[in-house]
Protein chains: 2
Amino acid sequence: MATRTGRSQRRTEALSRERIVEAAVALLDEVGESGLTFRALTERLATGPGAIYWHVANKDELLGAATDAVVAAALAVEPAGTVEPATAGPPDSPQDGIRAVALGLFDAIEEHPWLATQLATQLSHSPWGPVAPRIFENIGRQIRALGVPEGSWFTATSALMHYVLGAAGQNAANTVSAGTLGPDVDRARFLDAVSTAWEELDPDDYPFTRAVANQVRGHDDREQFLAGLDLVLAGVTALHPMNG
Amino acid sequence: MATRTGRSQRRTEALSRERIVEAAVALLDEVGESGLTFRALTERLATGPGAIYWHVANKDELLGAATDAVVAAALAVEPAGTVEPATAGPPDSPQDGIRAVALGLFDAIEEHPWLATQLATQLSHSPWGPVAPRIFENIGRQIRALGVPEGSWFTATSALMHYVLGAAGQNAANTVSAGTLGPDVDRARFLDAVSTAWEELDPDDYPFTRAVANQVRGHDDREQFLAGLDLVLAGVTALHPMNG
DNA sequence: ACCTGAACACCGTTCAAGT
DNA sequence: ACCTGAACACCGTTCAAGT
């Protein structure tokens, strides 16, 4: 009845580092961070733990490889201005380039919510790994294209990177947390719950948070994300003279 | 010979949630995230796991309480302009207030490196918990003092918060990672290693990162952190008309 | 109400043995 | 060279039993 199970996943296919990483990403997407175990992985790949350890040093390396694979795919969609569309509209400005990179990461984190936490630990625990330079390079090129003087490249790129990863992670978290509250509790309802919780804080200790609580309720994630991005960009252009 | 062990830690002292959280923070500081286990905790507190579970629901709640305790202490040092020093110098501007809050978190993360990862997961997994509003409130008050119009409070405060936590976490990571390379390998040497690694990246794929690698070598963490903070602040003041 | 400590299910990792 | 799978040390958590 079933000569081939599922899609193209033939039973006996040579195990490889790529197949393992692929399975890890799938597992992370489906059951979250806590669902990625060597037992689940061996079951999915129909093998034993020893086989996996032949291709991968340990779980940390596997998580790093999974993170890098997803980030690489997210940043590869538009290789920074290769094809110029013949349609109308303004030509790609550096600002547009930055928004494209930022939204690429934003979407990737939204699609793979585990990415947020993983990127934070990745960037901190091993900035010499492949992930940090990959993100840094993509954001940095846009900073350079913006005409920022070279002496400020590091500061500007770092600031932008921290904002993008932090804000994107926060938004993805909203989506995930909403899911854990139950299938019928959607994002809007979740934001409403946070908003209400903030409104019920002590008026003496949290006047500002209470005042802003209502803005949480209706906000659009993408819109907010881009508004914050524009804010950081405004800081970059305000502090540095542009050329071109 | 020893009627009292150590300092003031009498043997039989009633177990309490505070004592448990205190021990957890100490354990995290001394042996890092992976060192906080219920076994180590029970040994340190001379009790059994059941006793701890009586005061704390589970490990996640314990980590949350430890995070909140440290953040609360970090933000409490200067309650946002209560005492005005009689000494000379410019009066506290809103910018100075923001720098004070930011440096408070910066120092806390440097002193408790586990805080960076913990804050990231905390803010994302439970924004309704006590940690998120605490940080948000403290940064937000300074944004309000800056004269930012109310409609932009959320965007500005969020952007600033994401930068501060991301950048501070990154810097703390530098310190920690340096430590893991061996006792005689200090921070400067670690930054040198990262810088060298970046210089050895593929010239075709990483022109920007290579060009900026040398800036990593000599940089001062605090200085860089404040430079990035000023950049975001410049964005806030550039986009919004100030009053006062 | 608060604490004890054995027990349970599960985890990452190792390794002698196979092909 | 690549894979198998039993075994090990360790983990978070539970719970009947004590005080």
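A residue counts as buried if 20 or more other C-beta atoms lie within 10 Å of its own, and as exposed if 12 or fewer do. The model discussed here is a predicted one.

In helix α9 of chain B, the buried residues are B:F190, B:V194 and B:W198. Because these residues cover an arc of only 75 degrees around the axis, they fall on the same side of α9(B), while B:A188 and B:R189 are exposed on the other side of α9(B). In general, residues three or four places apart point the same way, because an α-helix has 3.6 residues a turn. The length of this helix also fits expectation, since the 13 residues of α9(B), residues 187-199, should span 18 Å at 1.5 Å a residue, and the end C-alpha atoms are 18 Å apart.

Around DNA strand C there are 17 residues, of which A:G50, B:L15, B:T47, B:G48 and B:G50 come nearest.

Chain A is superposed on chain B by a rotation of 180 degrees with 0.0 Å of shift along its axis, at an RMSD of 0.0 Å, which is the relation of a two-fold axis. In chain A, the C-alpha nearest this axis belongs to A:G235 and lies 1.7 Å from it. The copies meet through the same surface, because 100% of the interface residues of chain A are also interface residues in chain B.

Definitions and conventions
Residues numbered from 1 in each chain as written. Chains lettered and ligands numbered in written order. Predicted model: local features only at pLDDT ≥ 70, side-chain atom pairs only at ≥ 80, totals over all residues. Helix = DSSP H or I, 4+ residues; strand = E, 2+ residues; numbered from the N terminus. Expected span 1.5 Å × (residues − 1). Arc of directions from axis to C-beta. Near = placed C-beta within 6 Å. Least-squares fit on C-alpha atoms with pLDDT ≥ 70 in both. Contact = placed C-beta atoms within 7 Å.
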